[in-house]
Amino acid sequence: MKFSADPNIVDFVKKEIYADGLEYTPLRENRVAIKVKPEELDKLAELFMKKFEARLIHATAVDLEVQGFEVLNIYDFSKVKERLVVILKAKVDKDNPSFPSVAKVTWQATWAEREIKELLGLNPVGIPDPRHQFLPHEWPNAVESGLTGGQYKFESGSQTKEMYLPLKMPIEESYQSLIPIGPYHPGVIEGQIVYVKVEGEQVVAADIKTGFHHRGIMKLIERRGYNKGVFVAERVCGICSAAHGLTYVTCAENLYDAEVPDRAMYIRTLLVELNRMHSHLLWVGVVADVIGWKTGFMLTWGLRERVMDIIEAITGNRVNYGIWRMGGVSRDVSQELAAKARRTVDALKEECGKLLTLVAEHPVVKSRLIGVGPLTKAQAFDGGAVGPVARASNWKIDVRADNPPHAMYDPKVISWEVITDDNCDTYGRTLVRVKELLVSCGIVSQCLDYLAKTTGEVRIKPKTVPAGAEAVGLNEAPRGELAYYMRASEKDSNLPHAIRIRTPSYRNNAIIPLMLVGSNLADVPVVMGSTDQCLACTDRVEIIDEKTGSRKSLTWDMLVNLSRRLSKQ
């Protein structure tokens, strides 16, 4: 299959969406890059989101070295035109690296603009919450000082001594009612702090702080090149490694005129849907354990093992599959294995149907989840919710339908449906995921039927990536929309100049405080878990010189040398 774009896509964008851009560049698969003035970013955000109900996929920036920086706001217009993605590009000077904050228009840009500020030193003017995102709030001052960095002062005029407190409460009150959960806590698998302010047993305010672990994966990919980078991308998250592998190759294939064999497309779909099944089963088991339904935990994890067995039989691995390649996949699925796996999936589908009935009607599940962690559709839109969290708020978005990756999701070929729920709470998020298990079983069965009856090649050799090419790759990971952005180097055809990754947890984790307000303290772990949290794929890192205040990124060799030098001290 070849991936083409509408030859008239730029004319459509100019006529129907925005006609006053400085420059329009058509990209592959109905992506259009528009250069605009920095001062127009917030106005265009308001236009796009209010008039067209476009979704802000991500806000990021790229260092152009001596030429300055380029701020990127990536919007999904797939509800306006099939597969349409618009990338707004605004160039800012190094001497005055400022641009108007989009977070003033939509709250979901807050984390992204904080990241731009920390990693590249740009200044989003007017950002409602200018605190550090990944660095400690009081950086570079000591925690005990009670001070924040000069450029990160609150705009609300709070007293200095209380600025480092996320909820901006007086110290005296915090001792009475502020409960910090984390960064290392038995109820939280990964490092984070969730602050909850309670009155009695009820949560009246909440906040979340990330930034406790990071592995520098985006920088590692930039140093390894396109072919090796996919193996690093898979390791962003072990539970949804297949989703990262597929999104990476989708993005990389959009840098050139790619062609992928149909058989490889079916294998890709097979693996990411098996990945979705094991992820959802793992999540249901964890939530069952949190609410005290131990039988549900053992039941779901037993089913998950059978899914993992199929994955291992196909790829030879259980966590990182190592099968993703630009132009296809690295190994085929034999007809015999496809037929055998089909029988296992049939049995799994029957068991998942029983699980849905059990979850929907179990008194423990209903008493602990109904009405807990409410999130309306309007709140989901403004907060940028994705995946089951958004769909459980009755917002029908799914990348597989709206902007599919390079896999087989064509409704003319594969029959499936997008699951939504109108409960708008943790119970709804649970039902969405269990129902999606049944949908994934159906997709997997159709893929296995095709593979059992056909043969063919599984990879077409990729072409050379053109200098300066850029692309967006999207995929529906188990937790929601996963987005990759790549820009090819002007100097080396084997290395990307920049890669940016926005994971679904990056968005869903940010709206946890909103869902916590009004909940009982005992429900806090349930609400946090309802987003299927992943912190390792959320965190970022930068190196700051305490004496000069300068910021920089380290190459792998520099990091190794630094580690060796410090180990000798």
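## Report on a predicted model: loops, helix packing and cores

Arginine 83 sits in the loop that joins β4 (69–76) to β5 (85–92). The model described here is predicted. The phi of arginine 83 is positive, about 65°, although this residue is not a glycine. Arginine 83 counts as buried because its relative accessibility is 15%, and the cut-off for buried is under 20%.

Asparagine 30 is another loop residue, placed between β1 (23–27) and β2 (31–36). Asparagine 30 is not a glycine, yet its phi is positive at about 60°. With a relative accessible area of 9%, asparagine 30 is buried. A positive phi is also found at glycine 225, near 90°, in the position that follows α5. Within helix α5 (residues 217–224), the buried residues are Ile217, Met218, Leu220, Ile221 and Glu222.

### The chain as a whole

The chain has 569 residues, of which 57% count as buried. Its secondary structure comes to 19 helices and 17 strands. Among contacts in the chain with a separation of 6 or more, 67% are between residues 24 or more positions apart.

### Helix packing

Two packed helices are described by the angle between their axes and the distance between the axes.

| Helix pair | Angle between axes | Distance between axes |
|---|---|---|
| α6 (residues 226–233) and α7 (residues 241–253) | about 155° | 8 Å |
| α7 and α8 | about 145° | 8 Å |
| α8 and α9 (residues 294–315) | about 160° | 8 Å |

For α6 and α7, the angle is about 155°, so these helices are roughly antiparallel to each other. The crossing of α6 past α7 is right-handed. On the α6 side, the residues that meet α7 are Tyr226, Gly229, Val230 and Ala233, and their partners in α7 are His244, Gly245, Tyr248 and Val249. Sorted by class, this contact between α6 and α7 has 5 nonpolar residues, 3 polar residues and no charged ones.

Helix α7 also packs on α8, and this crossing is left-handed. From α7, the residues Ser241, Ala242, Ala243, Leu246, Val249 and Glu253 take part, and they meet Arg268, Leu271, Val272 and Asn275 of α8. The classes in the contact of α7 with α8 are 6 nonpolar, 2 polar and 2 charged.

Helix α8 passes α9 in a left-handed crossing. Their contact is made up of 17 nonpolar, 6 polar and 3 charged residues.

### Nonpolar cores

The largest nonpolar core contains 94 residues, and the ones with the most contacts inside it are Tyr248, Leu270, Leu274, Trp324, Tyr484 and Ile501. The element that gives the most to this core is helix α8 (residues 262–290), with 14 residues. A second core is separate and has 34 residues, among them Val13, Ala54, Ala61 and Ile127.

Tryptophan 324 is one of the residues with the most contacts inside the largest core. Neighbours within four places in sequence aside, the contacts of tryptophan 324 are Val230, Glu234, Ala242, Gly245, Leu246, Val249, Arg268, Leu271 and Val272.

Aspartate 532 is located in the loop between α18 (524–529) and β16 (543–544). Aspartate 532 counts as buried because its relative accessibility is 7%. Apart from neighbours within four places in sequence, aspartate 532 is in contact with Ser279, Trp283, Arg433, Arg479 and Ser505.

Lysine 377 lies in helix α12 (residues 377–383). At 45% relative accessibility, lysine 377 counts as partly exposed. Residues up to four places away in sequence aside, lysine 377 touches Ser393, Asn394 and Trp395. Between lysine 377 and tryptophan 395 the C-alpha to C-alpha distance is 6.0 Å, with the two residues 18 apart in sequence.

Methods. Residues are numbered from 1 along each chain as its sequence is written. This is a predicted model: local features need pLDDT of at least 70, side-chain atom pairs count only at pLDDT 80 or more; totals for chains, interfaces and linings use all residues. Side-chain values use heavy atoms; hydrogens and water are left out. Axes are lines fitted to C-alpha atoms, for helices over the stretch in contact, and angles run from 0 to 180 degrees between N-to-C directions. Helices (H or I, at least four residues) and strands (E, at least two) are DSSP runs, numbered from the N terminus. Angles under 35 degrees count as roughly parallel, over 145 as roughly antiparallel, 65 to 115 as roughly perpendicular and the rest as oblique. A crossing is left-handed if the near helix is turned anticlockwise from the far one by less than a right angle, and right-handed if clockwise. Contact means heavy atoms within 4.5 Å. Ala, Val, Leu, Ile, Met, Phe, Trp, Tyr, Cys and Pro count as nonpolar, Asp, Glu, Lys and Arg as charged, and the others, Gly among them, as polar. A nonpolar core is a set of buried Ala, Val, Leu, Ile, Met, Phe, Trp, Tyr and Cys residues joined through side-chain atoms within 4.5 Å. Buried means under 20% relative accessible area, exposed over 50%, partly exposed in between (1.4 Å probe, protein chains only).
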